Amino acid sequence: MSTNNNTRSLEPDIETGFSERMSYGSYLQLDQLLSAQQPVSSPVHHDEMLFIIQHQTSELWLKLVLHELRAVRGRLQADDLRMAMKGIARIKHIQRTLTEQWSVLATLTPSEYAEFRSDLGSSSGFQSYQYRAVEFLLGNKNAAMLAVFESDPEAHRLLSQLLQETSIYDEFLRLLGRRGFDIPAALLDRDVSQAHTCNAELVQVYRYIYEHAKENWDVYEACEELVDLEDNFQLWRFRHLKTVERTIGMKKGTGGSSGVGFLQRALSLTFFPELYAVRTEIGIP
């Protein structure tokens with residue numbers, strides 16, 4: 001009599017009854033999560049499932065990025081630079097995952113997408129309030145964006161609140177000020193609802209930090225972590241642009257934007273401009 005060894009029997013202590021106990025599925029609310037993929041094309045196009053899951057998973061990761069950015073901001077306010085940078089390190093890993101996800105969506109060919117694109121109506125990733133919230137927390141404030149979310153009271157409330165609150169960069173500069181660095185008063189007292197713009201005096205503060213890295217190692221390291229964060233964000237933007245270009249060419253976006261052209265202009269936006277400008281100054285007599 002032959003025995004099939006290509007099976008694994010349950011160990012005696014493995015739990016099997018969950019009618020009155022929390023299970024993996026109930027903890028993660030998988031019934032709700034896995035029923036949220038509702039294609040709108042008719043007849044349902046096979047590739048719409050890919051399109052939905054790509055964007056839903058991105059929103060889940062953005063939710064975690066927001067969670068971490070708020071914690072980073074709080075730790076900077078509490079002068080806990082080390083734990084703030086731990087949060088930045090986690091965000092950097094999330095960013096890499098988000099960027100890699102574009103390669104999955106890039107398997108959707110132009111002809112396949114064209115078969116259900118019209119079913120999306122005016123919905124667009126441009127309307128992601130979580131993405132906009134991440135940008136606000138990083139310092140790219142833009143009050144005009146609130147108009148997009150007027151029909152969603154909760155999203156509008158969140159973005160209105162974040163528009164008036166400090167970014168993580170504002171809090172990093174305030175921490176540097178408390179550490180004794182000569183941060184320009186105009187930056188410490190600025191209107192935080194406005195996007196930060198490059199300040200020549202702050203560039204010189206960073207030049208001092210970089211040229212005296214050994215004496216200011218934790219601050220110097222934090223500067224490089226912020227540069228990593230922005231680099232990752234720009235890579236995500238670029239992969240987004242190239243995936244859109246690959247899929248729809250130069251067509252307008254479903255939400256009314258110019259599409260690739262609009263995304264291309266976003267590449268010129270920067271969160272921490274002085275941390276790039278200082279590189280030109282370092283080592284010059």
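This is a predicted model: local features need pLDDT of at least 70, side-chain atom pairs count only at pLDDT 80 or more; totals for chains, interfaces and linings use all residues.
1. A crossing of two helices is called left-handed if the near helix is turned anticlockwise from the far one by less than a right angle, and right-handed if the turn is clockwise. By that definition, H10 passes H11 in a left-handed crossing.

2. On the H10 side the contact is made by Tyr206, Ile209 and Tyr210, which meet Val219, Tyr220, Cys223 and Glu224 on the H11 side. Sorted by class, the residues of this contact are six nonpolar, no polar and one charged.

3. I turn next to charged pairs. Side chains of opposite charge can pair when their charged atoms come close. Across the whole structure, a search finds 16 salt bridges, and the points below take up some of them.

4. Within helix H6, which covers residues 129–138, Arg132 and Glu135 lie three residues apart, or about one turn of the helix. Their side chains meet in a salt bridge, with an N to O distance of 3.2 Å. Are these two residues buried or exposed? Arg132 is buried, and Glu135 is buried as well.

5. A salt bridge also joins Asp170 to Arg190, with 2.9 Å between the closest N and O atoms. This pair links distant parts of the chain, 20 residues apart, since Asp170 belongs to helix H8 (residues 168–178) while Arg190 sits in the loop between helix H9 (185–188) and helix H10 (200–211). Both Asp170 and Arg190 are buried.

6. Helix H11, residues 217–248, holds Lys242 and Glu245, and because they are three residues apart in that helix, about one helical turn separates them. The two form a salt bridge whose closest N and O atoms are 2.6 Å apart. Why is Lys242 counted as partly exposed? Its relative accessibility is 34%, and partly exposed covers the range between the buried limit of under 20% and the exposed limit of over 50%. Glu245, with a relative accessible area of 31%, is therefore partly exposed too.

Terms used
Residues are numbered from 1 along each chain as its sequence is written. Side-chain values use heavy atoms; hydrogens and water are left out. A salt bridge is a side-chain nitrogen of Lys or Arg within 4 Å of a carboxyl oxygen of Asp or Glu. Helices (H or I, at least four residues) and strands (E, at least two) are DSSP runs, numbered from the N terminus. Buried means under 20% relative accessible area, exposed over 50%, partly exposed in between (1.4 Å probe, protein chains only). Contact means heavy atoms within 4.5 Å. Ala, Val, Leu, Ile, Met, Phe, Trp, Tyr, Cys and Pro count as nonpolar, Asp, Glu, Lys and Arg as charged, and the others, Gly among them, as polar.
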